[in-house]
Amino acid sequence: MVSIRQSHLISDPTSFSQWLNLLEQPEATQQALLDVFTFCQQFEKASLVEEGKEIVEILVELNMDSETLVTAFLTPFFLADLLEIDNVKKHFSNDVANLLTGVSQMAALGALSFQGKGSTQIDNIRRMLLAMVEDVRAVVIKLAQQVCLLRVLKNATEEERVIAAKETDNIFAPLANRLGIGQLKWELEDLSLRYLHPSDYKSIAKQLDDKRLGREKYMTEMVSLVKEKMTEAGINAQVYGRPKHIYSIYKKMQNKNYEFDQLFDIRAMRVVVDQLQDCYAALGIVHTNWRHLNKEFDDYIATPKSNGYQSIHTVVFGPEGKTVEIQIRTEAMHQDAELGVAAHWLYKEGALPGKNSGYEQKISWLRKLLQWQEEVVDDREFAEELKNQVVEDRVYVFTPRGDIVDLPTGSTPLDFAYYIHSNVGHRCIGAKVFGKIVPFTHALSTGDQVEILTQKEPNPSRDWLNPALGYVKSSRARSKIHHWFKQQDRDKNQVAGKEILDTELAKLDLTYKDLTPALERFNLHHIEDLMVAVGAGDVRLLQLLNFLQNKHADTDEMPKFRRHSRGHAQSKGDKNGIVVDGVGSLMSHVAKCCQPVPGDLICGYITQGRGIAVHRVDCEQLSQLKHTHPERLIDVSWSQDVANCYEITIRIEAHDRPALMRDISAVLANEKVNVLNMNMQTNTANQSALFEMKLEVSDLSKLNKLLAKISQIDGVFEAKRFH
């Protein structure tokens, strides 16, 4: 439920000292906050001061340290671009500056709520992950800031409220849950529900209010009874009723198709004891005195949740036969449940929890995710996996040694093997669940004990990559399998790539030194890597040449192919949009062997009786003509006013599935591309499909955009230009 802001209790809101006293912080912390308030007054932004105070209030409830509170107060000013990092370092500290940088990078998380994710956005997400690992306080500050944002949006437009609520529901609330910060998770969920489903929110809130007095009276009596039983048994326990937040009620009503009156945990209480053994002793007392519902019993102490949450949940029939949910936990478990990672900043430096603590488990999760992203080739896979790791439902299985592994729902033994280690997955030849052999396609369930059978040498199967066969669920495992096959083909691809580059460099009178700028563009480290990428088809030759052309466009040392580019001819072209340099408009036609389109690097060849044939510079037939009749080559370029459509053939390789043709047709229709001809071949043995389509496109950028969208269709392995 939404907490009451301390600043509302101040008779004079401008009295910062009065507000500080209400926080009840140590004198040093109060002085630090007073200093930052004095510093920020220079900006004369009262609204940002109020926002900073509100974020601080939230973090005070989480018992965050002085440095975090100072950063929280500065956050609105930094996000409004009123502060520079150097200025923060000068007036405060490097740690505060680093925290502010981490908070600003956390904004990348919201992008995961939407579809389009370019490489720049993925880089932002990677930097955000680094910030979370280096100092997880940054994510706590960002979550608190998100709470403040949702609070003030009640007066915003519906569009603004819905966008922020979806961002919160998809990413920020699940992240707060993953990190175990219950206080922030509940408010984020309630506020997002309020904006996304206002009628449901109001209905539940009204029913809670209507029944509040009767429920409070009932709970007071039940708490007294439980407390009395604990005292009689000699167990020191705090017993109290707890509010049920609206979002959890809504989700339970949706998931189980319940009406409000059918819920078991509208009446809920918590028993907090001193020691672990007291939890089970308290459970025995509760079950001895009140009949319980077996199906509503969960022991999260024996099997903690992935975010480290530990507690015993049970539902009993109290007086008058009404159901009451009772949670039993120790004080340490309670702190972890309420504060999550934030709880561990209560410890002095050097006294952080041990390796097996919930804090270390959460940071370990972040580190594993960060380490895995270095292996990923496809940015879309990384973004999908990150979102799945934060949001998707999980299953919790055990290794033979009893370690817990959490995986996406529907994961198979192969997903489990690749989660343990890449080599375990590569060498996997079988799997056992509870000692019994299961197929690779077996869907794991929570509580399964999984053992992987391996051989000495790695030998993955390409069938594992076929989504229709169901061998792997996670993009993480799929990416590691794909990476293994690419590594096996590296030597072969390097030889093929070198041959291609040698030929093209000779044509264009370039050297390998001219390719150096392309390494950074394609995220490669060495020329050998570029050879492999070209040989494997990960970097297309025309893509490379176009990059080099644009890179040198404004320099005096341009590659010789520069003159063939589109948009630098000042003369009007012929009906095909072709200008013959230095001659004027002559009859020309587009060569059918390579089918160039505007944006391609082109060269002309004077034919006998058919005018000038225009080829792509990488056309194999043009290469032969250069050797036989070099005197017939002529420089041509695309006119600036090209408005034609050009025929082009593309090839699509995909897994054959129902509705595949419909999905491809939808993309073609959305891109307004005219299909002239299409051939389709299917292979029932490996369930694959091969399409060859002749299309009309206006230029290269249109074609590249189309191929990129087709490549994103589920089941499509590759979409490329045929010639």
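Which residue takes a positive phi in the hairpin of S13 and S14? In this hairpin, which has five residues between the strands, glycine 609 takes a positive phi near 90 degrees.

## Basis of the model

This is a predicted model, in which local features need pLDDT of at least 70 and side-chain atom pairs count only at pLDDT 80 or more, while totals for chains, interfaces and linings use all residues. Residues are numbered from 1 along each chain as its sequence is written, and side-chain values use heavy atoms, with hydrogens and water left out.

Strand S14 (residues 612-616) is mostly covered, five of its five residues being buried (under 20% relative accessible area, 1.4 Å probe, protein chains only); strands are DSSP E runs of at least two residues, numbered from the N terminus. Ile612, Val614 and Arg616 point one way from S14, Ala613 and His615 the other way. In a regular strand the side chains alternate between the two faces of the sheet.

Pairing requires at least two DSSP bridges between two strands. S13 (residues 602-606) pairs with S14 in the antiparallel sense over five bridges, with isoleucine 606 opposite isoleucine 612, whereas S12 (residues 588-590) pairs with S14 in the parallel sense over three bridges, and valine 590 has valine 614 as its bridge partner.

Notes
Buried < 20%, exposed > 50% of the residue type's maximum accessible area, 1.4 Å probe, protein only. Helix = DSSP H or I, 4+ residues; strand = E, 2+ residues; numbered from the N terminus.
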